[in-house]
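Work through the exercises below with the model open. Try each task before reading its solution.

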Amino acid sequence: MGSLEVKNLDVYYGKHNVLNDISLYLDSGEVVALLGRNGAGKTTLIKAIIGLLKPARGVIRINGTDVTGWPPKKVLELGVSVVPQGARIFPNLTVFENLKISILNSSESKVEDKIEEVLNFFPQLKSRLNQKGGSLSGGERQMVSIARALLRKPEIMLMDEPFAALMPKIVEQLKELIISLSEQNVTFLIIEQNIKQVLEISNRAYVLSGGKISCEDSAEKLLNNPEELARCMGVHAPRM
Ligand SMILES: Nc1ncnc2c1ncn2[C@@H]1O[C@H](COP(=O)(O)OP(=O)(O)O)[C@@H](O)[C@H]1O
Ligand SMILES: [Mg+2]
């Protein structure tokens, strides 16, 4: 379990066609990068997958189930977690409360255990549980956002620029975590501007350009071929 399929997807904002005939497939346990310049439509694609935007055409399947047109809550209940762009957490809630929100259905004793377990991945947060979200650094907020997504024990993780704002040491920590979870069959779709970092842990990559999938290749090939990657992105030199 944990497969994701997007087929012939068209998404508009009003009359503006942002995604045009997008098809992609993620097998269970795959780590797949979604690359593209600013404004290429990467975030829009994630929003469409989880039902925040209604596609004009196309099909989205999760574990083989057609979820096109489903409300976000129902899609997420299939085992999908999202790390939204920009580390959005509740500024007036404590770190503990921010984490607890994603597992409100658990019993009180289990909440503490689950939070303790996930904080083993981010020990930096352990001393900050009673601190307000708004008082954290950008990197700490990103860690809370990722921990919150992990708490739900997702089969599919959709991550929108998870490395942004993280210190290099934490990026390495997160890369190892992603690899180890993928070995336990969690599927990852990762949008990133840190192209080299994300390709290093990805099996494959899709590139969005001009509203279409401009390239689809193994991560290794793209890593070793910056000219090809630049052509896919529609830029002269890739940012590596
Ligand atoms: N809520 C919105 N209303 C209208 N246009 C939008 C909205 N959100 C994004 N766009 C436009 O859609 C395009 C794709 O945006 P986005 O998916 O955020 O790109 P990316 O995540 O690749 O940077 C851009 O041209 C952006 O200006
Ligand atoms: Mg974006």
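The exercises cover a ligand site, a helix, salt bridges and a few single residues.

The model is predicted: local features need pLDDT of at least 70, side-chain atom pairs count only at pLDDT 80 or more, and totals for chains, interfaces and linings use all residues. Residues are numbered from 1 along each chain as its sequence is written, chains are lettered from A and ligands numbered from 1 in the order in which they are written, and side-chain values use heavy atoms, with hydrogens and water left out.

**Exercise 1. The ligand shell**

Task: List the residues around ligand 1 and sort them by class and by element.

Step 1. Apply the cut-off: a residue is near a molecule if one of its heavy atoms lies within 4 Å of it. The shell is Tyr13, His16, Val18, Arg37, Asn38, Gly39, Ala40, Gly41, Lys42, Thr43 and Thr44.

Step 2. Sort by class. Ala, Val, Leu, Ile, Met, Phe, Trp, Tyr, Cys and Pro count as nonpolar, Asp, Glu, Lys and Arg as charged, and the others, Gly among them, as polar. The shell then has three nonpolar, six polar and two charged residues.

Step 3. Look for polar contacts (a pair of N or O atoms within 3.5 Å; within protein, one must be able to donate a hydrogen and the other to accept it, and residues adjacent in sequence count only if both atoms are side-chain atoms). A polar backbone atom of glycine 41 is 2.9 Å from an oxygen atom of ligand 1. The side chain of lysine 42 has an N or O atom 2.8 Å from a ligand 1 oxygen. For the side chain of threonine 43, the distance from an N or O atom to a ligand 1 oxygen is 2.8 Å.

Step 4. Check the cover. Ligand 1 has 560 Å² of accessible area on its own (Shrake-Rupley method, 1.4 Å probe; for residues, only the protein chains shown count as cover). The protein covers 59% of that area.

Step 5. Assign elements, where helices (H or I, at least four residues) and strands (E, at least two) are DSSP runs numbered from the N terminus. Strand S2 (16-26) and helix H1 (42-49) each give two or more residues to the shell. H1 gives the most, with three residues.

**Exercise 2. Helix H1**

Task: Which residues of H1 are buried?

Step 1. Set the classes: buried means under 20% relative accessible area, exposed over 50%, partly exposed in between (1.4 Å probe, protein chains only).

Step 2. Read them off. Lys42, Thr44, Leu45, Ile46, Ala48 and Ile49 are buried. That is six of the eight residues of H1, so the helix is largely enclosed by the rest of the structure.

Step 3. Take one residue. Threonine 44 lies in H1 and has a relative accessible area of 7%. Its C-alpha atom is 7.9 Å from that of leucine 19, 25 residues away along the chain.

Step 4. Look past the helix end. Just after H1, glycine 51 takes a positive phi of about 90°.

**Exercise 3. Salt bridges**

Task: Which residues form salt bridges with arginine 204?

Step 1. The whole structure has 13 salt bridges.

Step 2. Take the first partner. Arginine 204 pairs with glutamate 30, the closest N and O atoms being 2.8 Å apart. Arginine 204 is in strand S9 (residues 204-209) and glutamate 30 in the loop between S2 and S3, so the pair ties together parts 174 residues apart in sequence. Glutamate 30 is buried at 15% relative accessibility.

Step 3. Take the second partner. Arginine 204 also pairs with glutamate 216, at 4.0 Å between the closest N and O atoms. Glutamate 216 is in strand S10 (residues 212-218), twelve residues from arginine 204.

**Exercise 4. A salt-bridge network**

Task: Where do lysine 175 and glutamate 200 lie, and how far apart are their closest N and O atoms?

Step 1. Find the distance. The closest N and O atoms of this salt bridge are 2.6 Å apart.

Step 2. Place the residues. Lysine 175 is in helix H6 (residues 168-183) and glutamate 200 in helix H7 (residues 195-201), 25 residues apart.

Step 3. Compare burial. Lysine 175 is buried at 5% relative accessibility, whereas glutamate 200 is partly exposed at 39%.

Step 4. Widen the view. Glu172, Lys175, Lys196 and Glu200 are linked in a network of salt bridges.

**Exercise 5. Buried or exposed?**

Task: Is leucine 34 buried or exposed, and is leucine 104 buried or exposed?

Step 1. Leucine 34 sits in strand S3 (residues 31-35). Leucine 34 is buried, at 0% relative accessible area.

Step 2. Leucine 104 is in the loop between helix H3 (95-100) and helix H4 (108-119). Leucine 104 is exposed, at 57% relative accessibility.

How values were computed
Salt bridge = Lys/Arg side-chain N within 4 Å of Asp/Glu carboxyl O.
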